[in-house]
Structure formats: structure tokens, C-alpha cells
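The entries follow the order in which I looked things up.

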Amino acid sequence: MKNTFKISLGFLMIAVAITSCNNGNSSKSKGALSSSAAEKVYIAPGEHDEFYAFLSGGFSGQLAVYGLPSGRLFKVIPVFSVDAEKAYGFNEETKPMLNTSHGFIPWGDSHHPDMSQTNGELDGRWIFINENNTPRIARIDLTTFETVEILEIPNTAGNHSSSYVTDNTEYVIAGTRFSIPIPQRDMPIKDYKGNFKGTLSFIKVDPESGEMNLKFQILMPGFNYDKAHPGRGKSHGWFFYTTYNTEEAHTLLEVNASQNDKDFIAAINWKKIEAYVNNGGGKKMAANYAHNVYDESTHSATSTMKKEVIMVDPADVPGAIYFLPTPKSPHGCDIDPSGEYIVASGKLSSNLTIHSFTKMLDAIENEKFAGDAYGIPILNFEDILAGVVEQAGLGPLHTEFDGEGNAYTSFFISSEVVKWKLGTWEVIDRKNTYYSVGHVMIPGGNSQKPYGKYLLALNKITKDRYLPTGPEVTQSAQLYDITGGKMELLLDFPTIGEPHYAAAIPADLIKSKSKKLYKLEENKHPYAALTDDDTKVVRNGNEVHIYMTTIRSHFNPDNIEGIKVGDKVYFHVTNLEQDYDVPHGIAMIGAQTSELLIMPGQTETFIWYPKLVGVWPFYCTDFCSALHQEMQGYVRVSPKDSDIELSWGLGDDDE
Amino acid sequence: MKKSKILMLLAALLPLGLFIFPLWNITLEAPQYPIPLGMNIHINDFSDAHPYDIKNINLMNHYVGMKYIPDAIPEFKIFPIGILITTFIGLVIGFKFNYKWFLAWFILMVVLSSAGLYDFYLWNHDYGHDLDPKAILKFTNADGSPMGFQPPFFGSKEILNFRVHSYPRLGALFLSLGIGLSLFSYFIGKKERHSSSITI
């Protein structure tokens, strides 16, 4: 209690300090509004944005697609949470996507999108994003902008240090934020220290299909593994993870995990461990985790439970893992485009610590160790230090790079973005954010080739920035022009959920590959009706399967009789359209599920349990055409013991 | 070989380009079709300008009761045979006959092409006017007569929300070049004969 009080007092003083500090700044930084900010973000009607930006939805579980510089929202891609609008997790085809070892989970917490790369540059094929709560990684195909794969991560809790991608998308990684008993077992929480463990997971990505396969996990000491980034260029082959709670506290972490002056960055030589595993190294360990894959030809997902992982004990691969002492519970762990600098944001510090990869290798070679933690060598802080950005701000979190030798770090407590120079460590510029910035993002800013034109600040708090909407107000993103010496705030725009991290890519790299429709001739859905001749209604006991088609502007069949109370009725609906942007929807009164929203050439299924005798309508939910309002049908529901035969039709006239 | 004969042989061969390139194109523009719908007419086929265009033209047209564009029409059999036969005749003329026959081939081709175009016009007219009485949308002209939706025979025209363009394509150019060239070779032949008679 006393400790809590002291900390509160401390923050109060900090807050006072910041307020007075900012007063000095704000009088000077009026420039943004007087310049042509509006022109720089204005995209004329019908024109396209220069960049796609993918913003994590945080506790919405989804991934939002925006245009930059306009800040316009194009699509919310459902990933880890059900989406009634798109029937994601509601229709029979996508329910398996949300299967886990805990069963069907309708919600997730999406954090850090990262794009596939080739030779350290964005290649625009896939975007990955991690789920924190039920540890998972998803892959989204950038031709369809749909989630096509979700892999659950076993032996992990709070998959936060994820989902970062290596230079050639060899691996996408996961890491546990909460250490846990591994394997899980019933034990006292107070016995945490020394008994709880953390795992770091390396997921191999197939270079052609993109399919993910958990290649190995590393069994690490019971710290909290917070953020990570892969080495780039010269440091390719290494991965760097920040840790906090090296105290191994299990209660009141805000105090007990903030006692050590330094925590660690774990430097992992994954190439070395990969070779060890390829030579049969590592122990096979029983596990149970879901691998869910969406097949574009069947328009359906399948979920497979995997039963084994390869667990690597660091003690068995000497020389593969080192701890770099890093001040004050570091959060962000960012690697500059050259791969030389490892920028650590000690979130309880006012300084930024930058380690040198070259010095790290040198220290390792000369075995200059300060000791070890659970057998993992600890390097000397002074031996590996490249530099410090002194008194840069308060609460540093994350850093991105512009490719011109500058770095941009977010400061949560002092609500600002600070631009500084790599090598000289001098602060060049600082701009306020409104308010409490988390991540910052420069398109390609965590690759070898940043497109250093814009910086996006992703803010946690907006308070008075927009029209108020009751107690719950939006979170936001703020766009800065970083082409000049000084940053210039251009735009404020609201976001879905909480925008943790984001990724952006020049639109030209992906827009021409964006699919317009699914070809009917490639539709392999087992219940598809690919022509009007394929439409039918089939009874199998109390299960009834309706093979239905849609095309402007009717359902086929649109009159169905012979359905009985107690039946389980499957509507398998194929959209026969082969034109861009002509989806059809369908909703059935009393169906305890969502609508379907079916893209051209696609087949989707919902289940209806008719409970009441009567004649019940269904209709198209997406304004598809001039005759959309006519796009409807009826199902006659008879009593359970009725002997009315199944019949169906379309246009069999009212003469 | 005389220049005129070479030209005549070339003239006879040029219409074969119709087997490679489309004869005609009809394109429909509307605001909600930033990529217009288009149909290419070949001598033996209708084809999509972009994937699924014909399917989507049919979908549009069913609102006003127009028939579906058929997969095949009898002309697709007759026209290729006609082209093959006339090319064969042209080659025989080129090799064996004198320049006066070049003119005959020219006239034959003009007559046949005109007949073909007239046939196209009739089909077009029927397509635009023979409407389903149960059409979803019925439009009338200012004088109260039912509105037709015939694409222009040649040129561009507003039809409801569409602007329809109807123009010849590369295949037609090959055909007309062939026809033109046969007339040209006739004149060349005439000149050659004239000059040779002088030298003799």
C-alpha cells in the first residue's frame, strides 16, 4: 500500500513536470495548422491513397484497413473475433477458424500486424497478426484481404511478443508474456520463481503457400517476454526479445517487477537453433493446439488439432542465446534498417538505450560475460552499448526508422513522438500526440527499406479530441509528415478498438493483385449449386439441405414447402454472380445466427431450426440491384407429424 | 510474277485475319461500370472483352426483357466457310486469271460483306426490339411506342443509363484492306497491261 502511494506521488510529480515542459513547447509548435496540412491529406473523390495501412483492432480482435494519407477506413478484416456483418465465425464455413484447444473462442485481442518480406523488403503477399489472450497467429492473404490461417501457440500465455517476421519470411514468431508452469499443472502460484517458464516460438512459413508450422519452441526462464524484432541485414539470423519481471514476481507486478535496475533483451541466434533442430535436436513434447486453414476453392475452413511440439532447452545449444542487460523494464525492441542498432525502450526510464550488434558479437567472441541467468550468459552492459539518447522523454515505448538515419520513438507518459539521429543520439525534433501514444508506424519502418514519408502515431486516449460519444470514446491515429527536418502533424482519425501496432505498404505493391471475385468454375464447395440446374432440396432424416443460388434479383428456389418443425435446415447459398462488387446477402426470420454475405462465386451456409408452424420469409440483405426489394422467398413450415412432401421452385407461376 | 498478281494474292489472304482478330466490338459504359462491359464479335464466336462481360450484359439486359446473347448463331458456321471460299477463289484468280477477274472478286466481296453487315443489322434490330412482354422494366418513347434497345449499327448512342459504342475491330480492317487491295490490284493490272502493250 505504501509502495503504491509512493508510486502515485512519483507519477503526479512527473505529470507536473511534463505539463510545465509542454507549455514551453506548444507556443512554438503552432506551425502544423498554418501550413497546407489539409492539402497533404486530401484525396479527391475517386482518387486512391498512396498507402494501405493495416491497424490492429486490439480488443476488437480484428484488423482494419485504412488509406494513407487520407485516414479513410476501407475494410475491417475479421480475424480473431466473430463478425456478424460478414458471418465470420457464424457461417458453417468459417466456424473452424476460431477453434482452439479450449474449443470455439468467439473473441480475441489482436496486437501486432507485420507483413511478409523478401530480402528485408515488404513483398505484399501476407500480413500476420498475433492474438494475445488465447495465443494464436493469423495469416491474412493480401489478394482477398481475408484471414486464411490461424495457428494456436501452445505452452504460451499472453502471446504479446509476436508476430514479427524475418527478412525472408522464414519465420514468424510468438512469445509468452506470462510465464506459466510448462507443462501446465496444478501448483501453488507462490512457487512461481524457478518453476514457471516462458516459451519463445518459431513458426516456419512455407515460402510458396505461406502455411505456418510451429517448428520449435525455446524453454526460457520465467520472465515476461514483452516485445521482439528480428535482426535485419547484418543481424539477420538473430531475434531480439525484451523481457521484464526478471524479478520473477507473481503478484503486484507494477511494483515487484519494477525493482531491478536492469532487465534483459534476450538475443536468440535462431539460425543456430534451427540447425540444431534440423539435426534432430530438441525434445518432442506432447501438446494440443489448433491449426485452422481456410481453403479458397471450397470456401471452407478446416481445423486440425496438432499433438506435438519440439522444445529446445537453451542449455543444450550453448552459444545460441545471450542476455543483454537493458535498463528499466524495456518494452519496445526495435532494430534499425542496417541491423546494427538494437533500440530498447526502458519504459520506466527517460533514456533510450541502444545496443550495438557488432559489439555484442565481439563480446560474445571474447566471452566477456557478467554472469548468467539460469545458465544463459549475461553480457556486460558497457561492452555492448552503442549509445544513449539522454532525457529524450518519459515512458519510451516503440521506435521506427525512416531509412535516412533517423529514428522516431513514442513516449507514452509525455505523449510525444521524438525524432533522433542514429549514431549521434541527438534529439532533432519532438511533437505532441493527443494523447498517450503507444506504437508509432512508418510504412516499411521495421524493414530494411522504410518508405519514410509518413509516421502514424497510435494513441490510447482521445478525451476531448472528437465529438463526445458518452463515456466510451474512440482511440485514434495521428498522421505526421516526416519528409522535412521537423515533423508536421497532418491528420487525426478515429480507429476501431485499440490500435496497438500497424503496418503500411505502398498501394502499388498490392492493389493490382486484389481479387475481384471468385470464379464459379473453381468453386469446389461440397454443397455448391453452380447452375440453376443444381438447385435442390434434400432431406436426410430431420436434416434438410437446401442447395440455393442467388443472382440478380432472385433466389433459386424461392418457394420451399415440406419443412417441418424440429428440422435442422441448412441453407447452402451460392452467389452465381461473376461481376465485381455484386455480393448478395441472405437472412431468415428466426435463424439464431447472422446473415450471410456472399461474394460472387462463393458458397456459404447457415443453419435454421424452424420452431413455429407458418410461412416464413427470407430476403437479400445487401442492396444488390434495382430489384433488390423483390429478392425474397418463403419457406412453409408444417407440423412435425405432417406428411407434406418436400417441394421447391422458382417462378412456377401464379396463373 | 507481276506486281498486280502479288497484290491480288495478298488481297485474297488478308480476310483470313478475321480468324485471328474480332470483326466488331460493342461496348457499354455506365458510371457503375468504371471498367466498361464489352463484347467482341468474331466471325465464329462472341467473346468477353473482360472476363464474364457477356454474362453481365445479359444480366443487365434481362431487366428490359432482351433475349440472352446466344452462345452460337448460324452465321458462326456460314461466315468462316464464306471467308475460306472467297479466299480460295481469290487465290485461284490471283494465280490463274487476268486482272479483270480481280474486279469481279472485288465486287463479289463488296456484295457479300454488305449482305453480312445487313444480317448483323437485322440481328441487332431483333435483339433490341424483340422484348419479353413480361419485362421487369418497360420504357416507352415520347410517342408512346415501346422503347427499343438496339445498339447502334455504327457509332455511339445513349441507351438508358448506358452509353453504347459499336465499332469495327482489327478483323474488319483486314477484310476491308483485302477488298480495297483487290480493287487496287485491278488498277495496277490494268496499268501493267497498258504499259506492256506499249512495249510490245
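My entries on the model follow.

I worked from a predicted model, in which local features need pLDDT of at least 70, side-chain atom pairs count only at pLDDT 80 or more, and totals for chains, interfaces and linings use all residues. Residues are numbered from 1 along each chain as its sequence is written, chains are lettered from A and ligands numbered from 1 in the order in which they are written, and side-chain values use heavy atoms, with hydrogens and water left out.

**Aromatic rings.** I counted 45 aromatic pairs over all chains, where rings of Phe, Tyr and Trp (its six-membered ring) pair if their centres lie within 6.5 Å. I noted one cluster formed by Tyr171(A), Phe202(A), Phe216(A), Phe239(A), Tyr241(A) and Trp270(A).

**Charges over rings.** I took a charge to sit over a ring if NZ of Lys or CZ of Arg is within 6 Å of the ring centre and within 35 degrees of the ring normal. Lys347(A) lies over the face of Tyr244(A), 4.3 Å from the ring centre. Arg465(A) lies over the face of Tyr434(A), at 4.0 Å.

**Chains A and B.** I found 16 residues of chain A and 11 residues of chain B in the contact (heavy atoms within 4.5 Å). The two chains bury about 970 Å² between them, 53% of it on carbon and sulfur atoms; this is the accessible area (1.4 Å probe) lost on being put together, summed over both. In chain A, Arg552(A), Gln578(A) and Leu627(A) lose the most area to chain B, together 51% of what that side buries. I recorded 0 salt bridges between chain A and chain B (a side-chain nitrogen of Lys or Arg within 4 Å of a carboxyl oxygen of Asp or Glu).

How values were computed. Phe/Tyr/Trp six-rings, centres within 6.5 Å; stacked < 30°, edge-to-face > 60°.
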